[in-house]
Amino acid sequence: MRTFAAICCSVLLGCPTSPAIDDAGAAPDAGQLGDAGLSLTDAGTDGGPDPAGDAGAEDAGVAWDGGLTFDAGVVKGPFDAGSQPGGPVPGELTYWQLELPPGVIPFPRSGEAAVLVGADGTLVVIDVGNSNHDDEVRAAVRELNTQWLTAARGYRARAPLEVDWVILTHFHADHVGAFERLTSGAEPLTITGGVVHRGFVDVGPAVNEADFQQVCARLRGSLAAKNVALCTGAPESACTVSTRAPASGCPGLTLGDLSRPDDDALGLASFIPLGAGARLELLGAGGFALEGDVVAAAPSFGVTDVNEENARSVVGLVRHGAFRLLFAGDLSGSGAAGEPDVESFVARRQAASLGALGVDVTHANHHARKTSSNATWVQAAAPVDGRGRNVIAGINTAYVNSPHQETLDAWLSGGRLGGGRFVVTKRAPAAGTSPLLVDVNGRVTVQTVQQGDGYWLEGAAWPSVRR
Ligand SMILES: [Zn+2]
């Protein structure tokens with residue numbers, strides 16, 4: 001297996017240049033990326049407020065918080081991130097953005113998947129990759145359960161393929177294609193909690209119908225007891241794209257703790273508990289978003305453009321102590337025809353949640369393509385305040401042009417990320433470039449330390465301090 005020590009390099013001390021991109025033979029199967037060639041507005045030229053004064057030490061290995069007041073009003077002392085953990089440890093979060101090779105038969109396939117480990121070992125798979133990626137997802141789950149989340153290391157005993165939750169951000173093949181193989185056959189995942197998805201509503205030609213049909217049928221069939229649809233309607237889709245079945249709302253966003261049915265009627269914002277107070281909060285889905293505990297709908301949009309399906313992606317915010325990680329599948333934001341600006345809609349509804357504090361690690365929407373990462377979204381996640389933040393993206397060589405130069409510029413111009421970097425699993429052919437782009441050419445790992453006061457990011461081997 002890959003270890004931290006084997007792959008980490010210090011950006012400050014000089015990483016080797018990114019590995020050569022093996023792209024000569026890759027078919028440009030951008031497939032459903034829907035790249036219409038639009039430009040994003042420049043998000044990174046504003047000066048923003050003065051740096052908070054605690055950024056300078058973040059890259060020094062042992063950082064000092066500068067005596068600032070923290071969220072809870074507690075002034076903390078010097079921060080020593082300690083040594084980088086070799087893997088998940090009880091009381092901390094681990095996030096793996098998986099490397100999903102495109103394969104060669106019948107054509108290279110795009111795909112994205114991540115695995116989140118809670119402080120108590122709760123295991124959440126966020127998207128499962130394309131139809132050829134079940135092996136990689138299964139291997140990651142098995143590695144976690146058999147090597148890391150063991151009783152000897154302080155976790156409860158787990159079955160090798162046990163998963164607590166699966167989140168399917170939307171119904172495109174590169175996110176749900178492996179679901180059928182992962183939930184059937186000789187080696188199915190054992191899902192103990194539920195499968196969270198945007199709901200079987202507002203479907204149309206923008207979804208990959210065969211994949212949607214399999215997911216829909218499975219979650220109405222053998223996994224019906226695990227089906228957690230965030231948005232609903234009446235009637236709902238018959239697992240086909242022939243009828244739109246509009247959503248009437250998203251009652252799944254206000255079920256409180258999704259692991260407990262007894263608080264469902266209270267109308268509180270939905271979350272998955274991750275142990276030690278850590279949570280995965282569900283902020284939006286289906287073109288809807290929470291504002292506090294109230295669900296609001298974005299202006300209506302269609303079901304035919306691929307980016308209209310992207311715009312219905314599930315949005316989630318992971319919190320542990322002061323640490324925050326934001327993900328939103330392929331959420332679109334350009335606002336051009338067929339590319340609804342749901343990024344701005346969600347960011348504005350969640351202003352109090354994201355707010356001035358921003359996010360430590362943001363998963364770049366839509367494989368860092370320029371249909372997403374608009375100025376409002378970027379500003380909400382990464383306000384220019386001198387703090388170090390990082391952006392990660394799940395990319396393989398089938399996502400030709402990812403990360404787009406426009407996306408890199410949106411996140412990196414104007415020193416927006418402080419000492420942080422833009423870290424990708426793989427830089428695709430003809431992608432953008434930046435000195436701050438780190439091509440890990442493999443799994444990207446985020447590991448919190450000291451109950452979320454800081455974190456290590458693989459591929460950029462310095463401890464980043466929240467505040
Ligand atoms: Zn995608």
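I will start with a strand and its partners, then go to a helix, a hairpin and the nonpolar core.

This is a predicted model, in which local features need pLDDT of at least 70 and side-chain atom pairs count only at pLDDT 80 or more, while totals for chains, interfaces and linings use all residues. Residues are numbered from 1 along each chain as its sequence is written.

Helices (H or I, at least four residues) and strands (E, at least two) are DSSP runs, numbered from the N terminus. Two strands pair if DSSP finds at least two bridges between them. A residue counts as buried if 20 or more other C-beta atoms lie within 10 Å of its own, as exposed if 12 or fewer do, and as partly exposed in between, with C-beta atoms placed from the backbone.

Please find strand β14, residues 390-393. Is it covered on one face or on both? Both: Asn390 and Ile392 are buried on one side, and Val391 and Ala393 on the other.

β14 pairs in the parallel sense with strand β13, residues 361-363, over 3 bridges. In that pairing, histidine 363 is opposite isoleucine 392. Between β13 and β14 the chain passes through helix α9, residues 375-381, in a right-handed β-α-β crossover. Right-handed here means that, with the strands pointing away from the viewer, the path from the first strand over the helix to the second runs clockwise.

β14 is also parallel to strand β15, residues 422-424, again over 3 bridges, with alanine 393 opposite valine 424.

How many residues of α10 are buried? It is 7 of the 8, so the helix is largely enclosed by the rest of the structure. Among them are Glu406, Asp409 and Trp411. Their cover includes α9, β14, β15 and β16 (437-439). Just after α10, glycine 414 has a positive phi of about 70°.

Now the hairpin. Strands β7, residues 271-275, and β8, residues 278-285, run antiparallel and are joined by 4 bridges. Glycine 275 faces alanine 278. The turn has 2 residues, and one of them, alanine 276, has a positive phi of about 55°.

Last, the core. A nonpolar core is a set of buried Ala, Val, Leu, Ile, Met, Phe, Trp, Tyr and Cys residues joined through C-beta atoms within 7 Å. The largest one has 122 residues, of which Val115, Leu116 and Phe422 touch the most other members.

Technical notes: Two residues are in contact if their C-beta atoms, placed from the backbone, lie within 7 Å.
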